[in-house]
Amino acid sequence: MPLKVIVVGAGLGGLGAAIALNRAGHDVQVIEQSGFLNEVGAAIHVAPNATRILKGWECDLELLQASPCKRLQVWSSAGELLLTPVVTSEFQAALNVHDEWLLTHRVDLHNALRVTAGKEFNGKRVNIQLSSRVKSVDAEMGVVTLENGTTFTGDLIIGADGVHSRTVSSIAGDESRKENTGQNCYRFLIPVSKALDNELAASLLAKTGLDGLHAFAANDRRLVFYPCRQGQLLNVAGLHPTGETPTEESSWLNSGSVENLVETFKDFSPELQEMCRLGEDVKLWSLASRSPPAKFVQGKLALVGDAAHPTLPHQGQGGAQAFEDGAALGALFTSDTRPDQVSARLELYNKVRYEQALTVMMMSRKQDERRAEMLDELRKYVPNAELPKDMFSFTWPSDPVQNAKHLLASQIHA
């Protein structure tokens, strides 16, 4: 008999877990508080460890309308090229990784997952219930209660309700606290045609090209931009300390002003300041985080994505880590899994994902050149943790499906 799975949240992590568990043969019900009417967000990295999983789920990558990321370059705030840390093809060859590094609009990625979740697989498809706000989750009994009093009971509950998760309290109680990282991020999009019609912006794009990710750094702040939507849009992120323009909540909905944006990056080159002036629908996002729980599982509940390990954008791995969580669950919860085996399988999930995901989480709290500062904090949760040589070599070859299958086989044959 298939398991009855309840997924709380239909963001990237929730849909990913739902797809994986549906493909494993289970009955999956997703509960989402929004109506999917106004999707928010800007662009997102889909690193090779993420595209590998999406292809395994038979997600149509064409729906991502992605731009390939051929290189990562670091520039000074004056617009001088400092180094090229990554040429994608060279890293792929060195790591024996052949999956794509894509840059896509978050909404396009989310829509592609919705399409995938809607497809019937072996006679089953994911059911999504919208406009349903969860009040509480009983991890031991497997009961999800909505604010209107409706209850759902499952053999397996997936908490995928993001950085402001309610389900995390079922595992961590009040111990998982919000943390102010001292960083804010402006996010906005610029139509590439608009940039090319502007003399200063066009001169900058002629220098950088539109086939990679470019970071312009100065002391405590940086501007990062890259293309998405088949090169028609330019995604720009402006990271800076919170002291000048603090925000109270980590939300995509907080508006920012172009005037404050330009003032924040007033010491950058005229070309970069002009790019800021071209920004449309500028948002100001507080890079808040949360202390991770001591484990990702409890009773019948597993946390995935930002509910488990809120990941900041510095390493471009937030979405990929959420997909790895879902992929691991799909591999562990095979079609013949019985309800009385759920707890043991969840412990295997924790073994597969906890150390890997927390390492990426902690390394993502700082700019790459400063990530060593997070090692002591990481060792509070992963005592034997070591600083990865580089995050590309650490993340790109990751294969949670194979890791989960090997661990499950070793337990079965023990």
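**View 1. Gln-65 in a loop between a helix and a strand.** In this predicted model, Gln-65 sits in the loop that links α2 (48-56) and β4 (67-68). Take a look at its backbone: the phi angle of Gln-65 is near 50 degrees, a positive value in a residue that is not glycine. Is Gln-65 buried, partly exposed or exposed? Its relative accessibility is 28%, so Gln-65 counts as partly exposed, because that class lies between the 20% limit for buried and the 50% limit for exposed.

**View 2. Arg-229 in a loop between two strands.** Here the loop runs between β15 (221-228) and β16 (233-241), and Arg-229 is found in it. With a relative accessibility of 24%, Arg-229 counts as partly exposed.

**View 3. Helices α11 and α14 crossing.** Two packed helices are described by the angle between their axes and the distance between the axes. For helix α11 (residues 342-363) and helix α14 (residues 400-412), the axes come within 10 Å and cross at roughly 135 degrees. That angle makes α11 oblique to α14, because only angles over 145 degrees would count as roughly antiparallel. The crossing of α11 past α14 is right-handed.

**View 4. The residues where α11 meets α14.** Which residues make this contact? From α11 come Arg-345, Leu-348, Lys-351, Val-352 and Arg-353. Their partners on α14 are Pro-400, Asn-403, Ala-404, Leu-407, Leu-408 and Gln-411. Sorted by class, the contact holds 6 nonpolar, 2 polar and 3 charged residues.

View 5. How far apart are Lys-283 and Lys-405? In sequence they are separated by 122 residues, and in space by 42 Å from C-alpha to C-alpha.

**View 6. Confidence along the chain, and residues 244-252.** For the protein chain, the mean pLDDT is 92, and 94% of its residues reach 70 or more. Now turn to residues 244-252, where pLDDT stays under 50. For this stretch, the model has 29 contacts beyond four places in sequence.

Terms used: Residues are numbered from 1 along each chain as its sequence is written. This is a predicted model: local features need pLDDT of at least 70, side-chain atom pairs count only at pLDDT 80 or more; totals for chains, interfaces and linings use all residues. Side-chain values use heavy atoms; hydrogens and water are left out. Helices (H or I, at least four residues) and strands (E, at least two) are DSSP runs, numbered from the N terminus. Buried means under 20% relative accessible area, exposed over 50%, partly exposed in between (1.4 Å probe, protein chains only). Axes are lines fitted to C-alpha atoms, for helices over the stretch in contact, and angles run from 0 to 180 degrees between N-to-C directions. Angles under 35 degrees count as roughly parallel, over 145 as roughly antiparallel, 65 to 115 as roughly perpendicular and the rest as oblique. A crossing is left-handed if the near helix is turned anticlockwise from the far one by less than a right angle, and right-handed if clockwise. Contact means heavy atoms within 4.5 Å. Ala, Val, Leu, Ile, Met, Phe, Trp, Tyr, Cys and Pro count as nonpolar, Asp, Glu, Lys and Arg as charged, and the others, Gly among them, as polar. pLDDT is the predictor's confidence in each residue, from 0 to 100.
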